[in-house]
Amino acid sequence: MSRTALRICPLCEATCGLTLTIDGSRVTAARGDREDVFSHGFICPKGASFGAVDADPDRLRVPLVRRDGELREATWDEAFDAVAAGLRPVVERHGPHAVGVVLGNPNVHTVAGALYPSVLHGALGTRSLFTASTVDQMPKHVSSGLLFGDANAIPVPDLDRTDHLLLIGANPLESNGSLCTAPDFPGRLKALKARGGTLTVIDPRRTRTAKLADRHVPIRPGTDALLLAAMAHVLFAEDLTGLGDLAAHVQGVGEVREALRDFTPDAVAAACDVDAGVIRVLARDLATAPTAAVYARIGSCTVPHGTLASWLVDVLNILTGNLDRPGGALFPQAATDRTPRPAGPGRGFALGRWHSRVSGHPEAKGELPLSALAEEIDTATDDGEPLRALVAIAANPVLSAPDGDRLDKALGSLDFMVSVDPYLNETSRHAHVVLPPPPPAQSPHHDFALNGLAVRNQVRYTRPAVPVESGRMAETEILARLVLAATGMNGADPASVDAMVIEQTLGKAVEEPHSPVHGRDPGELAGVLTGANGPERRLDMMLRLGPYGDGFGARPDGLTLEKLLAHPHGIDLGPLRPRLPQPLKTRSGKVELLPRPIADDLPRLRQALADRPAGLVLVGRRHLRSNNSWMHNIPALTGGSNRCTLHLNPEDAERLGIRNGAVVRVKGAGGEVTAPAEVTDGVRPGVVSLPHGWGHDRPGTRLAHAATDPGVNVNQLLDGSLLDPLSGNAVLNGVPVELLPAATP
C-alpha cells in the first residue's frame with residue numbers, strides 16, 4: 001500500500017518542495033509539491049531522482065572501524081568508543097589545534113549539519129577549521145563582512161521584481177542558483193524577460209543561462225573585478241550615481257571614486273578582452289534601469305581578485321541606489337535568524353585574527369584555507385607540529401581541494417581520522433572510523449542557512465518521510481554523540497548536547513535588552529518548548545526568538561514549531577523588504593564603502609591591468625544533474641551531457657590539431673590529467689573547461705557506478721599556491737594550462 005509524504009529537497013540550494021510516493025519504507029517516486037509556498041511544484045532532475053539517491057546500494061548502513069589496517073563493520077557503541085580513544089589522546093598530548101575539522105558543502109543541506117558542527121568546533125577549541133567555503137564563496141562573506149560588518153549579511157537579487165539583472169560568473173540554469181536560494185530560477189529569469197526586463201550575462205562560456213540572455217559578454221576569465229571597477233568608474237565619470245535613500249547609510253563614496261580613478265573602460269578593455277564601448281553601455285544600462293541588481297557567483301569568486309569582485313558587485317548596487325530596495329538587491333530575513341537588534345554601531349568584522357602555521361594564511365570568518373589542509377598535515381615548522389587528527393563531516397576534500405594527490409597522501413599519515421559520510425569515498429577511505437548518516441528520506445529538513453539567502457521570505461519544515469531504519473542512527477544523534485566522544489564525555493546522553501545549547505542560548509537571550517524574553521527565567525522558557533526531540537526543541541526555540549516568532553508568548557500571533565507543523569507546505573512570509581540600517585554591524589553603523597583591507601588590495605588589481613595570458617586558461621563548470629562530487633554514483637544522474645569532457649573552442653582545436661573526441665593531456669602547476677576533448681563554440685577562444693567533482697578512480701572506495709566512468713579531478717591541475725589573499729579562497733578559474741596529445745611521453 002503506497003502513501004505520500006512531503007519533503008524539502010536537500011540536493012541543491014533551490015530547496016524545492018517534493019511529494020514523495022512511498023511503498024513500505026522505500027521512496028518509489030518524487031514529484032514537485034504544487035502547494036509548496038516557495039517552489040510551487042517546480043522540480044529538477046536531481047529532485048526527480050530523490051528515490052534513487054535515497055536507495056543507492058553503496059550507501060553505508062553501519063559504522064566502519066579500522067582494525068589491523070582494514071575498515072570493518074562495527075556497532076555504533078564500538079565506533080564512538082574508537083572516536084573517543086583516537087581523538088582525546090591527541091588533544092591531551094598536543095593541544096586542541098592539533099585536531100582539524102573539515103566541513104563539506106552538504107552540511108548546509110541538513111538539520112544535523114546546521115545544528116552540531118559549530119558545537120563540536122567550539123567544544124574542541126581548535127583554530128584548525130577548514131570548510132568548502134574557501135573553494136567557493138568565501139570572498140562574498142569577506143566583502144560583506146567588510147562592507148556591512150556581518151559576513152553573513154549577503155544581499156540577494158530581487159528576482160521577481162527587478163527590471164534589469166546582471167549576472168557575472170553564474171549559471172543558475174545549471175546550478176539552480178547559489179547564494180541566492182530560488183526554486184525555478186529558469187522560470188524566474190524567463191518571467192523577467194516576459195515583463196520587459198533585461199538579462200545580461202558576463203561569462204567566458206556560452207552557458208544555458210547565457211543563451212537565454214539579452215546580452216552575453218564573453219569576458220576573459222579572472223578579470224571580473226577589472227570590468228566591474230570600470231563600470232563603477234563610468235558611473236562616476238558620467239554622473240550616473242544616485243544613492244537615493246541609501247545616502248544616509250553609506251560612507252566612503254568619494255574615497256571609492258578616487259580609488260577607482262585608474263580603472264577606465266579603455267584601461268581595462270584589453271585585459272578583459274571586452275570593448276570599452278560595451279563596458280560603458282553595461283554601466284549606463286544598469287544606472288538607467290528603473291530597478292536593477294548585480295549578482296555574481298562562483299566564476300567571480302574562485303579567481304585571484306575574488307574579494308574585490310564581490311565587493312564591487314555591491315558597490316555597483318549601492319552607487320545605483322539599488323541596494324535594499326524592491327527590484328534591487330535586498331537582505332533576506334530567515335525565520336530562525338537571531339532576534340533583530342536595534343540599529344546602531346556594532347563590533348565590525350576583522351580578518352587575520354590568527355594565521356595558518358605553515359604558509360601564514362590569515363583566517364577569514366574563523367576558517368583557514370582548505371588549500372592549506374595538506375601542508376598543515378604533512379609539514380612541520382618551528383611554530384608547531386602538524387595536524388595529527390581530523391574530523392571530516394560531509395567533506396571530500398581529496399576531490400574538492402587543489403592538489404588532491406598531496407592531500408591523499410597526507411590523510412594517510414594522520415594519527416586518527418573520523419569521517420561522517422554515507423559513502424566510502426576518496427576522502428573517507430582514509431578514516432579510522434566512518435559514521436554513516438541515514439538516507440535523506442529518514443531525516444527531517446529545515447533550511448537554516450539557505451533561508452537566509454532566499455529570494456522570498458518563507459519558512460518550511462518537514463519531518464522524516466520514513467522512520468530511521470533498524471541498525472541506522474539519526475544524523476542528529478550521530479553528530480551529538482560525536483561531540484560527546486570528542487570532548488571527553490563519550491557515553492553520555494546525546495540529548496544533553498541539545499539541552500546544553502538550549503540552556504546557553506536562552507541564558508544569553510534573557511540578558512539582551514532587545515530580546516522579547518529579556519529578564520525572564522531561562523528554565524521556565526525551556527519548559528515551554530515543544531518538539532519530538534532535542535533538534536526540534538532547538539528549532540522551536542529559534543523560531544520563537546526569531547524575527548517572526550511569538551517571543552515565548554510576547555507576540556501571540558508569532559511563529560512556533562507547532563504553528564509550522566500545522567502548515568506542511570510552509571508559511572509564506574512575504575517578499576523581501578528594505579531593512580537598512582538594522583543589518584549593519586560595522587563600527588560606524590554605516591555601510592563602509594571602502595574598508596581598509598579593500599583599499600590595500602587595489603594596487604594588486606591595478607597591476608592586473610597589464611596581464612595577458614600567453615596560452616590557454618582553465619575554467620570549471622557545473623552540470624544540472626550533478627552537485628560537486630555527490631551524485632556521480634546515481635545512474636539516473638550520469639551520462640548524456642553530464643560527462644567529464646574538456647570543452648575546447650574550434651579555433652583552438654584547429655590550431656592545436658585536436659579532433660573532437662580525442663583524448664588529450666591537460667597540464668597545470670599541480671599535475672596533469674587526461675580527458676576526451678569536446679570541441680564546442682560554447683567556450684570562448686583561449687579558454688578550456690573541465691567540470692569539477694570527478695576523479696572517482698582511487699582504490700579503496702565503494703562507489704561502484706561512479707567507478708565505471710570516473711572522469712578526472714580537475715583540481716589536480718592546481719598546486720594550491722594560488723589564493724585570493726583577503727579570503728584565502730582557492731583560485732580555480734583562469735589558471736594557465738597546456739594541452740598535449742595523450743600519446744606524448
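I began at Met231, which touches Leu166, Ile279, Leu282, Ala283, Leu286 and Leu316 once residues up to four places away in sequence are left out, where contact means heavy atoms within 4.5 Å. The model is predicted, so I noted that local features need pLDDT of at least 70 and side-chain atom pairs count only at pLDDT 80 or more, while totals for chains, interfaces and linings use all residues. Residues are numbered from 1 along each chain as its sequence is written, and side-chain values use heavy atoms, with hydrogens and water left out.

**Cores**

I next looked up the largest nonpolar core, which has 64 residues, and found Met231 listed with Leu226, Leu260, Trp311 and Leu593 as those with the most contacts inside it. Helix H10 (residues 224-237) gives the most to this core, with 11 residues. A second, separate core holds 55 residues, among them Phe80, Val83, Ala485 and Leu564. For the record, a nonpolar core is a set of buried Ala, Val, Leu, Ile, Met, Phe, Trp, Tyr and Cys residues joined through side-chain atoms within 4.5 Å, and buried means under 20% relative accessible area, with exposed over 50% and partly exposed in between (1.4 Å probe, protein chains only).

**Strand E9**

I then checked the neighbours: E9 runs parallel to strand E10 (residues 198-202), joined by five bridges, and Ile168 stands opposite Ile202 in E10. E9 also runs parallel to strand E13 (residues 293-296), through four bridges, with Leu167 opposite Tyr295 in E13. Strands (E, at least two residues) and helices (H or I, at least four) are DSSP runs numbered from the N terminus, and two strands pair if DSSP finds at least two bridges between them.

**The barrel**

I then turned to a closed barrel of six strands, which runs E21-E25-E22-E24-E23-E26 with mixed pairing. Its neighbouring strands are turned by 45° against each other on average, direction ignored, with axes taken as lines fitted to C-alpha atoms. Strand E22 (residues 646-648) pairs with strand E25 (residues 687-689) in the antiparallel sense over two bridges, and Leu648 stands opposite Val688 in E25. With strand E24 (residues 671-679), E22 pairs in the parallel sense over three bridges, and the bridge partner of His647 there is Glu678. Strand E23 (residues 663-668) runs antiparallel to E24, joined by six bridges, and a hairpin links E23 to E24 through two residues.

**Whole chain**

Finally I looked up the totals: the chain has 26 helices and 26 strands, and buried residues make up 61% of its 745 residues. A compact globule of 745 residues would have a radius of gyration near 27 Å, and the chain has 25 Å, which agrees; the value is taken over C-alpha atoms, and the globule rule is 2.2 Å times the number of residues to the power 0.38. Along its principal axes the C-alpha trace spans about 70 × 65 × 60 Å. The chain exposes about 26,700 Å², of which carbon and sulfur atoms supply 50%, by the Shrake-Rupley method with a 1.4 Å probe.

Conventions:
Axes are lines fitted to C-alpha atoms, for helices over the stretch in contact, and angles run from 0 to 180 degrees between N-to-C directions.
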